[in-house]
Amino acid sequence: MMWLWLCAAVLFGVVEGVTAGLVSVWFAVGSVGAFFAAMGGLSVTVQLVIFAAVSAAALAVTRPLVVRFGRERHVPTNLDRVIGRTAQVSEDIDNDAATGAVYVDGKTWTARSAGGEAIPAGSRVEIQRMEGVKLFVKKSEEKAEVVS
C-alpha cells in the first residue's frame with residue numbers, strides 16, 4: 001500500500017501541476033498522510049480514513065486563502081461609468097443601417113439599439129452595455145430634450 005499512496009501523491013501532484021487552478025493538491029497531501037500510515041503498518045481502512053481526514057483538513061485550512069487571493073480583481077475604467085446612465089440620441093439609431101450616436105458625459109458615442117428598434121434623434125435612452133466602442137441602448141421613459 002505504501003507504493004500505491006506514493007504513486008497517488010505523485011499523480012495528484014502532476015495533475016495539480018498541469019491544471020490552471022487548485023484542484024488536487026489537497027488529495028496529494030492526503031496521500032502523503034496515508035503513505036505514512038501505511039509505513040506505520042496501519043490497516044487499509046485506517047489509511048483511507050487518514051487520507052480523507054488529511055485531505056479535508058488541508059482543504060479546510062487552505063480554501064479560504066485560495067478564495068481570497070484567487071479572486072479576480074475588476075479594475076473599473078472611466079468608460080464603465082456611462083453604463084446605466086441616460087443619454088441623448090444625437091443621430092437616429094438604426095441597427096439595420098448601422099447608424100446611430102448618443103451624447104453622454106460630454107462625448108459622442110456610436111450607439112446601437114439593444115432591442116433592435118429604431119430610435120429617433122432627440123430621444124432619451126438608457127445605456128445598457130458597451131461592446132468595444134459601441135454603446136447598446138434602450139429607449140428611456142424620460143421625456144425627450146431638444147439638442148442645441
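The model is predicted, with local features requiring pLDDT of at least 70 and side-chain atom pairs counted only at pLDDT 80 or more, whereas totals for chains, interfaces and linings use all residues. Residues are numbered from 1 along each chain as its sequence is written, and side-chain values use heavy atoms, with hydrogens and water left out.

**Figure 1. Overview of the secondary structure and surface of the protein.**
The protein contains three helices and five strands, where helices (H or I, at least four residues) and strands (E, at least two) are DSSP runs numbered from the N terminus. Along the sequence these elements follow the pattern α-α-α-β-β-β-β-β. Of the 148 residues, 28% count as buried, a term that stands for under 20% relative accessible area, with exposed meaning over 50% and partly exposed lying in between (1.4 Å probe, protein chains only). The accessible surface comes to about 9500 Å², of which 64% belongs to carbon and sulfur atoms; areas come from the Shrake-Rupley method with a 1.4 Å probe, and for residues only the protein chains shown count as cover. Among contacts with a separation of 6 or more, 42% are made by residues 24 or more positions apart, contact meaning heavy atoms within 4.5 Å.

Five strands close into a barrel in the order 1-2-3-5-4, with mixed pairing, two strands being taken as paired if DSSP finds at least two bridges between them. From one strand to the next the twist averages 50°, an angle between axes that are lines fitted to C-alpha atoms (for helices over the stretch in contact), on a scale that runs from 0 to 180 degrees between N-to-C directions. Strand 3 and strand 5 run parallel and are joined by four bridges, and Ala111 has Leu135 of strand 5 as its bridge partner. Strand 4 and strand 5, by contrast, run antiparallel and are joined by six bridges, with Met130 standing opposite Leu135 in strand 5. In the hairpin of strand 4 and strand 5, which has two residues between the strands, Gly132 takes a positive phi near 65°.

**Figure 2. Strand 1 between strand 2 and strand 4.**
Four bridges join strand 1 to strand 2 in an antiparallel arrangement, and three bridges join strand 1 to strand 4, again antiparallel.

A nonpolar core is defined here as a set of buried Ala, Val, Leu, Ile, Met, Phe, Trp, Tyr and Cys residues joined through side-chain atoms within 4.5 Å. Of the 13 residues in the largest core, Ile93, Val102, Val104, Val125, Ile127, Leu135 and Val137 touch the most other members. Strand 1 (86-94), strand 2 (99-104), strand 3 (107-113), strand 4 (124-131) and strand 5 (134-139) each supply at least two residues of this core, and the largest share, three residues, comes from strand 1. Apart from this core lies another, of five residues, among them Ala34, Phe35, Ala38 and Phe51.

**Figure 3. Phe51 and its surroundings.**
Phe51 lies in helix 3 (residues 44-70) and counts as buried because its relative accessibility is 17%. Not counting residues up to four places away in sequence, Phe51 touches Trp5, Phe12, Phe27, Gly30, Ser31 and Ala34. The C-alpha atoms of Phe51 and Gly33 are separated by 6.1 Å, although these residues are 18 apart along the chain.

The 15 residues of helix 2 (residues 25-39) should span 21 Å at 1.5 Å a residue, which agrees with the 21 Å between its end C-alpha atoms; the expected span is 1.5 Å times one less than the number of residues. The buried residues of helix 2 are Trp26, Ala28, Gly30, Ser31, Gly33, Ala34, Phe35, Ala37 and Ala38. Val25, also placed in helix 2, is partly exposed, with a relative accessible area of 30%. Val25 and Gly13 are twelve residues apart in sequence and 6.3 Å apart in space, C-alpha to C-alpha. Helix 2 is followed by Gly41, whose phi is positive, near 80°.
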